[in-house]
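Me: I would like to go through this structure with you, one topic at a time. Could we begin with the aromatic residues?

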Amino acid sequence: MSHQQYSRLVTLAGSAAVVAASLLIAGKLTAWLLTDSASLLASLTDSLMDVSASVINLLAIRYAMAPADDEHRFGHGKAESLAGLVQSAFISGSAFLLVMHGISSLLQPSSLPRLEIGMWVSAGSMVITFVLVMFQSWVIRKTGSVAVRADMLHYRSDLLLNGGVLVALVMAGQGWYWADGAFAIAIGFMLLWGAGHIAWDSVQALLDRQLPAEVQQRIMELCRAREEVKGVHDLRTRQSGPTRFIQLHLELDDMLPLVKAHQIADEVEVALRNAFERTDVIIHMDPISVVSRETAPSTHNV
């Protein structure tokens, strides 16, 4: 997938999230004003956080797509991970407020008017959210975007959230008024759990966490597929936004001409680029006789 295609898909996913969240806010605000439901207020607050986070996400995606410049030679991809941290902070703040409001409603339960409107809005919210999550999942499979994945995680949790609100309203309609506040509290803790996951993934990306073990193993296999390659060491990998970075040392025969060694490294680089889209590869060539026998096993990434 080209950089242009990647940019188009992740921008489209970000725009779709903003539109969907805006529709949900309009519906839930109307329903909450008519019903005064604590669980609907919880759902409305979550959607307000969603649209704020999605706008930030969209801006971050646009910035992350900017090409490398003199001051950012590795590009701007980490803006996606920073957006994930901002989303986590938004979600955590809203979750805390929801828990507080839910406790208040649980301590002072009361009947709710016009519950059928809240039920219809909750059901419609589930349909809109489901369609959005399916689209985001497709974009993630195509792009692997960290920002879209973070966005998709809290919209996926919204499916459970809206389902919980619907159940709470049904129970309140049967006279179990405590359910409204209880579900608001449960939703708040669920949002905190999701925010923690988003923050963890974002921090790991900012700290240049290695690519998954199976990806590293595939890199080693592609390098060793050339019979001239005697070994591979000092494999280092990371990801910044849409771009994977791979650095490694190839161990080659001492007597290979420099031109031949360079050709082998170029062919290995092409193989890696073909196997992994949007990849920046740096290969160093070492004569086999000078490779240290005391290299730590962890640096070989066998």
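**Aromatic pair and helix packing**

Reply: One aromatic pair is found in a search of the whole structure. The rings of phenylalanine 135 and tryptophan 138 have their centres 6.2 Å apart and their planes at 25°, so the pair is stacked. Rings of Phe, Tyr and Trp (its six-membered ring) pair if their centres lie within 6.5 Å; planes under 30 degrees apart count as stacked, over 60 as edge-to-face and the rest as tilted. This is a predicted model, in which local features need pLDDT of at least 70 and side-chain atom pairs count only at pLDDT 80 or more, while totals for chains, interfaces and linings use all residues. Residues are numbered from 1 along each chain as its sequence is written, and side-chain values use heavy atoms, with hydrogens and water left out.

Me: Which helix do phenylalanine 135 and tryptophan 138 lie in?

Reply: Both lie in helix α4 (residues 115-143), three residues apart, about one turn of the helix. Helices (H or I, at least four residues) and strands (E, at least two) are DSSP runs, numbered from the N terminus. An α-helix has 3.6 residues a turn, so residues three or four places apart point the same way.

Me: How exposed are they?

Reply: Phenylalanine 135 is partly exposed, with a relative accessible area of 25%. Tryptophan 138 is partly exposed too, at 35%. Buried means under 20% relative accessible area, exposed over 50%, and partly exposed in between (1.4 Å probe, protein chains only).

Me: And glutamine 136, is that buried or exposed?

Reply: Glutamine 136, which lies in helix α4, is buried, with a relative accessible area of 0%. Leaving aside residues up to four places away in sequence, glutamine 136 touches Ala13, Ala17, Val148, Asp151, Met152 and Tyr155. Contact means heavy atoms within 4.5 Å.

Me: Changing topic: how do the strands β1, β2 and β3 pair?

Reply: Strands β1 (residues 231-240) and β2 (residues 243-252) run antiparallel and are joined by eight bridges. Nine bridges join β2 to strand β3 (residues 279-287), and these two run parallel. The chain crosses from β2 through helix α8 (residues 258-275) to β3, in a right-handed β-α-β crossover. Right-handed means that, with the strands pointing away from the viewer, the path from the first strand over the helix to the second runs clockwise. Two strands pair if DSSP finds at least two bridges between them.

Me: What stands opposite glutamate 251?

Reply: Glutamate 251 in β2 is the bridge partner of glycine 231, and it stands opposite aspartate 286 in β3.

Me: Which residues of α8 are buried?

Reply: Ala261, Ile264, Ala265, Val268 and Leu272 are buried in α8. Seen down the axis of α8, they fall within an arc of 95°, so they line one face of the helix. The arc is that of the directions from the helix axis to the C-beta atoms. These buried residues pack against α7, β2 and β3. The face turned away from them carries the exposed residues Val259 and Asn274.

Me: What about α7, which residues are buried there?

Reply: In helix α7 the buried residues are Val215, Gln216, Ile219, Met220, Leu222 and Cys223. Seen down the axis of α7, they fall within an arc of 165°, so they line one face of the helix. They pack against β1, β2 and α8. Ala213 and Glu214, on the other side of α7, are exposed.
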